[in-house]
Amino acid sequence: MERKNQVRELFCTRNYHSLAMLSDNLNVFIQESLINFSNTSKIIVLDLIDRLYFNEVKEMSALVDIYFGKTLKELKCVIIDEEGLREHDIFIKYSGPNKYTITNLNLPYLPYQDEVYGSINEIIHKFRDHVNSLKNYFAELERIDRFCSVMEPLYPTYRDDYRKILIDDRTWLHVEVTPDGGATNINLIGQSEPWHDKLHTGLLNWDHDKDIVENIMSIFDLSGFPSEFPEVALKPDSDVIEKQICGICLSNELPDTPGVPQPLCQNNSCGVYFHRSCLYEWLIANAGGRPPAFGVATGTCPTCLHPIACSENNDR
C-alpha cells in the first residue's frame, strides 16, 4: 500500500512545474526501488522504466516542449519551425533501449516514419530539418485555406496535401501541393465545358512566379472566390444553413468515410450531389457487382440518368 501511495504521489501533477522535475523524481524512485526490491523486481522495474530514457527526456525537454502521453513510453514533442510561425507535433513511442518509433505526425506520409531510431534527439533533428524544408508547402496551403472556399478535406490540416476548391455552385477544382510548394494533379469535378477550356488553356500558361491562388484566379478570371455554401437554404426565421446532402445516402457526412457530397454529375441541370464512395458503390451494384477495370465505375446518374463515371479513389 505504501508503494502505491508513493507512485500516486509521484505522478500528481500539482507537484511539478517542469518535466525535468518529474524526471529527477523518477530517477530517485527507481534507485530506491532497486535497493529495496528483490532481483526479480529489479528486472521488472528496469524493463518498465529505463533510466537512460528518462535522462534523455530530461535533456531534450530543455530544447523542445515534451509531454507524456497515456503511458510513460509515449511522448509528444512540439517543434517550432525556423520562421517561428508554426508548431508541429510529433508523437514518439519508446520500445526499449535505443528503440524509438514515430507513431503520428501532422504531415503527409514520410519514408523515414517507419524507421527505428536510437534516440529522441535523432528523431527531433531529422524532423526539424524536414519541417524547415516544407516552408513553401505550408505557405501555399495556408493561402488556399485563407482565400478559397475549401470543400474538402472537411477539416484541412498540413497532413492533407490536396484541396478541393469551390469555383461555382456546380464546379470544384482539385489541386495537390508538392513539398516545394508547387501545384500538381489539377483537375475539375463536375466541370462544364467553359471551365474545362479555361483550365486547359490556363495550365499551359501557368506562371511559376505566382502562388497557386493567384494562378487559379488568373485561369478562371476570378476576382474572388464564391461562398462555401453556393446554394444556401435558410430555414424560416433561422440563420442555420442547410448543408448539401448525398442523393444516395441522404446524409451530409459518413461516419467511417471523410468528405462531403460533391457535384459529380456533369449534367448542369441535375443539381444533385453525391458522396464519391456512395456513387461508386451504386454504379458497381447496378453493373452486377463486379469491380470495374482500372478502378473507375461507369453508368448513369441515379437522379437524371445522364452518363456518369466515378473513381474509387476518394482523393481524386
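Q: Let's start with helices. How do the axes of α6 and α8 cross?
A: Helix α6 (residues 135-147) and helix α8 (residues 212-219) have axes that come within 8 Å and cross at roughly 50°. Helices here are DSSP runs of H or I with at least four residues, strands are E runs of at least two, and both are numbered from the N terminus. Axes are lines fitted to C-alpha atoms, for helices over the stretch in contact, and angles run from 0 to 180 degrees between N-to-C directions.

Q: What is α6 to α8, then?
A: The two helices α6 and α8 are therefore oblique to each other. Under 35 degrees counts as roughly parallel, over 145 as roughly antiparallel, 65 to 115 as roughly perpendicular, and the rest as oblique.

Q: Which residues make the contact?
A: From α6, Glu140, Arg143, Ile144 and Phe147; from α8, Ile212, Val213 and Glu214. Contact means heavy atoms within 4.5 Å. The residues of this α6 and α8 contact are 4 nonpolar, no polar and 3 charged. Nonpolar covers Ala, Val, Leu, Ile, Met, Phe, Trp, Tyr, Cys and Pro; charged covers Asp, Glu, Lys and Arg; the others, Gly among them, are polar.

Q: Before we go on, what kind of model is this?
A: This is a predicted model: local features need pLDDT of at least 70, side-chain atom pairs count only at pLDDT 80 or more, and totals for chains, interfaces and linings use all residues. Residues are numbered from 1 along each chain as its sequence is written, and side-chain values use heavy atoms, with hydrogens and water left out.

Q: New topic: sheets. What is the order of the strands in the sheet with β1?
A: The order is β1-β2-β3-β4, in an open sheet of 4 strands with antiparallel pairing. Two strands pair if DSSP finds at least two bridges between them.

Q: Which strands stand at the edges?
A: β1 and β4 (99-105) do. Each has a single partner strand, so one side of each has no neighbour in the sheet.

Q: What packs on that sheet?
A: Helix α5 (residues 120-133) does, touching β2, β3 (87-96) and β4. The direction of α5 makes about 155° with that of β3.

Q: And how do β1 and β2 pair?
A: Strand β1 (residues 65-68) and strand β2 (residues 74-80) are antiparallel over 4 bridges. A hairpin of 5 residues joins β1 to β2. Tyr67 has Lys76 in β2 as its bridge partner.

Q: What about the sheet with β5?
A: That open sheet has 4 strands in the order β5-β6-β7-β8, with antiparallel pairing. Its edges are β5 (150-152) and β8 (183-189). Strands β6 (residues 162-168) and β7 (residues 171-177) pair over 6 bridges. There, Lys164 is partnered with His174 of β7. Helix α7 (residues 193-204) packs on this sheet, touching β6, β7 and β8.

Q: Last one: how many disulfides are there?
A: The search of the whole structure finds 0. A disulfide is a pair of cysteine sulfur atoms within 2.5 Å.
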